[in-house]
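Welcome! Please look over the sequence and the model below, then try each exercise before you read its solution.

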Amino acid sequence: MYRNAERSLTALHKAFEELLLTKPVARISVTDVAKRANLTRNTFYSYYSSLDDLSRSFFRRERRLTELLDAHHTVFDVRHPTGLVAACSEYIYSTRQHYAELLTEYKDSPNYQWIIASKIRNVYEALIEYMTRQKIRVEEKDRRFVSFTVIIAYSLMYQHVVGDLDVSQEQFSKSFLAIVQAYCTMLIESTAPMEGTDPMLVFEADISRDMRLPRLPVQGDGDARHGGDAPHGDGASREEGTPQEARTRQSQTHVEGGSAPTA
């Protein structure tokens, strides 16, 4: 039974990969994939609920990134961007060869942009899974910092892979951190709502629409969406402290007999 399932999954992946090379993804159907894999639609639905489900499996979860988040003791705090930038930098350099091969393989495919968008979306999903598993909720400024870091990371990764950015990992990390720190400083120092002043909001709205990016969990999100007790800010100023202290605060989701902590 196990071998049959493995053969079916391999056939579905191969069929999907072959179709992506020649046919726009929006025109690929479950029937197309099943027929090319010499399987039935019922067999397809035995393993996947939809084509989106298959595509997530096809590109694999970004487990390497979540391992690096732990290794760098990452906090999703706009005041402490170093850990997330370090994790993303190491992730880029450890996966750039696979990414280069992927872009080369699909260079002439009608789905080239979709491949790029899917990789970015998978990183977002990996972050959401990680934050949900750790029961982390962040404030709005933290969410913008994380989103900005991911977008810049993939922009730099693309430039690096296609040959326009040939630098050492050390120099890459320093330049990456400088970009993120400048944005974080703007977020921290801004006292306005930022809806009309933060360029990331416009950019994020555009790419979220085009790439269908999921939203990172923030304080105040409904329990039904992420599960568990969600902490809510009480309007007080943000706590200062070291990245370790920030990580401890973000890991807390409930204070017995008192108000919930701010991130």
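**Exercise 1. Find how α6 and α8 are oriented to each other.**

Step 1. Begin with the class: α6 and α8 are oblique to each other, where angles under 35 degrees count as roughly parallel, over 145 as roughly antiparallel, 65 to 115 as roughly perpendicular and the rest as oblique. The model is predicted, so local features need pLDDT of at least 70 and side-chain atom pairs count only at pLDDT 80 or more, while totals for chains, interfaces and linings use all residues. Residues are numbered from 1 along each chain as its sequence is written, and side-chain values use heavy atoms, with hydrogens and water left out.

Step 2. Two packed helices are described by the angle between their axes and the distance between the axes. Here α6 and α8 pack at an angle of about 40°, and their axes are 9 Å apart. Axes are lines fitted to C-alpha atoms, for helices over the stretch in contact, and angles run from 0 to 180 degrees between N-to-C directions.

Step 3. A crossing is right-handed if the near helix is turned clockwise from the far one by less than a right angle, and left-handed if anticlockwise.

Step 4. Look at the residues that meet (contact means heavy atoms within 4.5 Å). From α6 they include Leu84, Val85, Cys88 and Tyr91, and from α8 they include Phe145, Val146, Thr149 and Ala153. By class, this contact of α6 with α8 has 16 nonpolar, three polar and one charged residues. Ala, Val, Leu, Ile, Met, Phe, Trp, Tyr, Cys and Pro count as nonpolar, Asp, Glu, Lys and Arg as charged, and the others, Gly among them, as polar.

**Exercise 2. Work out how α6 and α7 cross.**

Step 1. Locate the helices: α6 covers residues 82–105 and α7 covers residues 112–133. Helices are DSSP runs (H or I, at least four residues), as strands are (E, at least two), and they are numbered from the N terminus.

Step 2. The axes of α6 and α7 come within 12 Å and cross at roughly 155°. That makes α6 roughly antiparallel to α7, and α6 passes α7 in a right-handed crossing.

Step 3. Tyr91, His98, Tyr99, Leu102 and Leu103 in α6 meet Tyr112, Ile115, Ile116, Lys119 and Val123 in α7. The contact of α6 with α7 divides into eight nonpolar, one polar and one charged residues.

**Exercise 3. Is Met131 buried or exposed?**

Step 1. Met131 belongs to helix α7.

Step 2. Met131 counts as buried because its relative accessibility is 0%. Buried means under 20% relative accessible area, exposed over 50%, and partly exposed in between (1.4 Å probe, protein chains only).

Step 3. Met131 and Val75 are 56 residues apart along the chain, and their C-alpha atoms are separated by 9.9 Å.

**Exercise 4. How many aromatic pairs are there, and how are two of them arranged?**

Step 1. The count comes to eight aromatic pairs. Rings of Phe, Tyr and Trp (its six-membered ring) pair if their centres lie within 6.5 Å; planes under 30 degrees apart count as stacked, over 60 as edge-to-face and the rest as tilted.

Step 2. Phe148 and Tyr183 are stacked, at 4.1 Å centre to centre with 15° between the planes. Phe148 lies in α8 (residues 140–162) and Tyr183 in α9 (residues 169–189), so the pair ties together parts 35 residues apart in sequence. Phe148 is buried at 12% relative accessible area, and Tyr183 is buried at 6%.

Step 3. Phe172 and Phe176 are edge-to-face, at 6.1 Å centre to centre with 65° between the planes. Both lie in helix α9, four residues apart, about one turn of the helix. Phe172 counts as buried at 2%, and Phe176 is buried at 0%.

**Exercise 5. Where does Asn38 lie?**

Step 1. Asn38 sits in the loop between α2 (30–36) and α3 (41–47).

Step 2. Phi of Asn38 is near 60°, a positive value in a residue other than glycine. Asn38 is exposed, with a relative accessible area of 70%.
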